[in-house]
Structure formats: C-alpha cells, structure tokens
Amino acid sequence: MSLRIIGGAARSRRIPSPEEQGVRPTGDRVREALFNIWGNAVVGAHLLDLCAGSGAISLEALSRGAAGVVAVEKNPRLCAAMRRNAEVLSLQEGFEVRCAGVIAEIARIRAQGSRGFDLAFADPPWREDALRLEILQAVFTPEPICAQLVMEAPRGAQWESEAGEPKLVRERRYGDTCLLFYEAG
C-alpha cells in the first residue's frame, strides 16, 4: 500500500505506507481537507508534526511550500522511513525528524526557547486520551509554542481543559475521523 502526496511540488507522487502495527496514516480525504482549510497559511510556515507516524502531514506541508517542518515520532523505524521518503521526494530541505517521545520533545523545544511554529498537527494513538490531553497542555501551557494546533481524533472526541484553554475553535468530521482545531485563548 502507498500514500499519495495530494498537492504542491510532489503532487501525485507516491511513497510506501508504513506497515508498523498501530500506524494509521492520515487518509487522503482528511489530509486534503486539512490543507484546504489551512490554505495559503502553509506557504512559508513552520510546522510542528507531533506523533508524525508515516510523515504524510509533514511531507504534504513541505510539498505545498512550508518553510520548515519538525516531525516528532518515537518509533525509530518510522523516523528512518520519513527521512527516506523525504529524500525520494526531494523534500529533505527544511525537514527535521526528531526520534523522541512527544511530551519530552515539546519540553525540549520549549527549553530551547523556540516558539516559532505557525502551525502544529498531532495524531496520537486514538486510544490514548490521556496523551491527547498532555499534548494540548504541553503545546499551550504556560505559553503557546504555535498559533494553532490541529488534533486528529476519532469521531465524537473532544478534549478541552476545564479553564477553556486552549479553545476548540473548529471541528470537522470525515467518516470516522475528526479534526479538532485549537488556538490559545
């Protein structure tokens, strides 16, 4: 099975889909919808891709003109596959893969003083509700490290802190998948 890049410089090119157990690449329809919503905001943007898995979001963003992408994934085989796929697609410029746990890596990004991400995307395992909440808190507290975080989740899922920070500003459903758009209040 393969993944198709939908738009930009690598449009219609295919890369192998990872065959790791538990990996669920973001489908073409959902990816296309996400990038249609983001529109021109991707061009020149710096994207943080959390729980990057196949790297489909990262590679799509680079294909569509993102200035830089940091992909965070804890599985070393998936990290290696993302690097290979970026090279095959000639999208390695501006692409950094960090093979680490997502919460620890967000803490490192914060400690380095980096708040230069325009957009962020997170697709943690659907059965790990606690991790989703940890990601929301880590990205937005005490200060946001990005302007907007989109969380891919199973349909019907919503996660908001009791204080309403960050704010869920938009939700889009696509079959069993929904995209939750969060921004700092």
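**A walk from the sheet to the core**

Start with the open sheet: seven strands in the order S5-S4-S3-S6-S7-S9-S8, with mixed pairing. Strands here are DSSP E runs of at least two residues and helices are H or I runs of at least four, numbered from the N terminus; two strands pair if DSSP finds at least two bridges between them. S5 and S8 (167–174) are the edge strands, each pairing on one side only. On average, neighbouring strands of this sheet are turned by 15° against each other, direction ignored.

This is a predicted model, so to speak of local features takes pLDDT of at least 70, and side-chain atom pairs count only at pLDDT 80 or more, while totals for chains, interfaces and linings use all residues. Residues are numbered from 1 along each chain as its sequence is written, and side-chain values use heavy atoms, with hydrogens and water left out.

Over at the S5 end, S4 and S5 pair in the parallel sense over five bridges, and Val69 stands opposite Phe95 in S5. H3 packs on the sheet, touching S4 and S5 (contact means heavy atoms within 4.5 Å). Its direction makes about 170° with that of S5; axes are lines fitted to C-alpha atoms, for helices over the stretch in contact, and angles run from 0 to 180 degrees between N-to-C directions.

Now the inside. The largest nonpolar core has 34 residues, and Leu34, Trp38, Leu59, Phe95 and Leu179 have the most contacts inside it. Such a core is a set of buried Ala, Val, Leu, Ile, Met, Phe, Trp, Tyr and Cys residues joined through side-chain atoms within 4.5 Å, buried being under 20% relative accessible area (1.4 Å probe, protein chains only).

Methods: Buried means under 20% relative accessible area, exposed over 50%, partly exposed in between (1.4 Å probe, protein chains only).
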